[in-house]
Every structure is written in C-alpha cells, then in structure tokens.
Amino acid sequence: MLRALITLGCFGFLLVGVAACDQAAASDLQVERLPDVKPNLPAVPTLPPPPYPVTYADSSYSVYGVRKRGNTTMDTDVEVTGYITEIYQAPECADGAACKPPSAPHMWLADIANESDKTKRIAVVGYAENQKAIDEAVAKAARGAYKPPPAETGLLPVPTDFAVGNKVKVRGRFTRVSGSGFNISNGLIEYGGHETVQAAGGQ
C-alpha cells in the first residue's frame, strides 16, 4: 500500500513537472502574425449593352436579334427589319465566253445602312428566279402595268422596289439552307414578302 502511494505521488510529481515545463516553453514561444492577404483580382468588367434591340416595337427582329435568338427563331417564320446594304448583281459575261452561271437573286440586310462588316449582315434569298424576272417586273411597274400573279398560283409578287439604302421589313423563313441552293451557317431569310418602311434618303 505504501509502495502504491509512493508510486502515485511520483507520477503526480512528474505530471506537475511536465506541465510546468510546458508552461515555461509556452511563455518563451513567440507568435509572429503574418501580414493580411490582399486578393489581387482584376476588376469586374462592365458589359456593354447590346448594339441593337433584339426586337422592335412592331415585334419584328433586328438582324442582330434574329441571330441572338437563334435557338427559337431558326427554322421558323420571322419578320426582320433592316437596311438593304447590297443587292447582288450578276457579273458581266462577254459574248461567247465560258462564264460561270450567275447566282440566283439575293441581297443583304443589316441593322445600319452603311454596315461594312459582312458578319453583321443577313442574306435574303428566293424573291425571284433570275435577274430577268426582276428587270421585267421593274419595267412593267414603271409603266404601271405590273400585275402580281393570281393568289391561286401560290407565286409571290416579284419585288420591284428593292434599292440599296431602303429600310425594309422582310417576312420569311429563317434557316441555314434555302430551296434555291444557298447555304449559310449563321442563317439566311427565305423570302416570303416585305414592306418598305423607308426609302433611301428618307423619302
């Protein structure tokens, strides 16, 4: 019994000694505070507003908008308002020369009248079979003699008022591949009708 008490006392003495040593070591320990970390992140960029509205007050799309909403507009009938920036003209072919057949009539619309960036324009195709049909329709319209085909034929009137600079609202199918052989990855409009909103020069 005595031996057990002596052993227990020695053990307690050792614990006290160890604790005292730990306290002494802790008092000698110096904690150094590291400087605060300041994140060095770039400023959050301010995104510019879209260059043009997606749709106008009459619910027609802009050229920008019909492509922006491509997930829902592709392969559907749409109305797109824009300016005619270019109308295809078949290249001249000398008599007797072996020339490449001209493309079917087509033109390009953009959201501004003087758009030079071709990626911001959209092709409008399928409004006439060939340039001769357009020329004949324009000549007849000038004499007041042009008559649109009867409704029962299902044929569309040949446009006689297309001109570079005109602001037009075009109805048609927004698609990538047209029935007249055009294939454009970011979309084209297969013509189904139009109205001239404003003639070139604001007249």
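Me: So a pocket is an open set of points on a 1 Å grid over the protein atoms alone, where a 1.4 Å probe fits, with protein on both sides within 12 Å along at least five of seven lines, and lining residues have an atom within 4 Å of a point. Which residues lie nearest the centre of the second largest pocket?

Reply: Ile87, Gln131, Ile134, Val138 and Phe162, out of 13 lining residues. Helix H4 (residues 131-142) gives the largest share of that lining, three residues; a helix here is a DSSP run of H or I, at least four residues, numbered from the N terminus. The largest pocket has Gly126, Tyr127, Pro149 and Val158 among its lining residues.

Me: How far do I trust the coordinates?

Reply: This is a predicted model: local features need pLDDT of at least 70, side-chain atom pairs 80 or more, while totals for chains, interfaces and linings use all residues. Residues count from 1 along each chain as written, and side-chain values use heavy atoms, without hydrogens or water. Where pLDDT (confidence per residue, 0 to 100) is low, don't read the coordinates in detail. The chain averages 85, and 84% of the residues score at least 70. Residues 1-19, though, fall below 50, with zero contacts (heavy atoms within 4.5 Å) beyond near neighbours in sequence.

Me: Which cysteines form a disulfide?

Reply: A disulfide covalently bonds two cysteine sulfurs, called here when they're within 2.5 Å. There's one in the structure: cysteine 93 with cysteine 99, sulfurs 1.9 Å apart. The S-S torsion is about 95°, so it's right-handed. Cysteine 93 has a relative accessible area of 38% and cysteine 99 has 36%.

Notes
Helices (H or I, at least four residues) and strands (E, at least two) are DSSP runs, numbered from the N terminus. pLDDT is the predictor's confidence in each residue, from 0 to 100. Buried means under 20% relative accessible area, exposed over 50%, partly exposed in between (1.4 Å probe, protein chains only).
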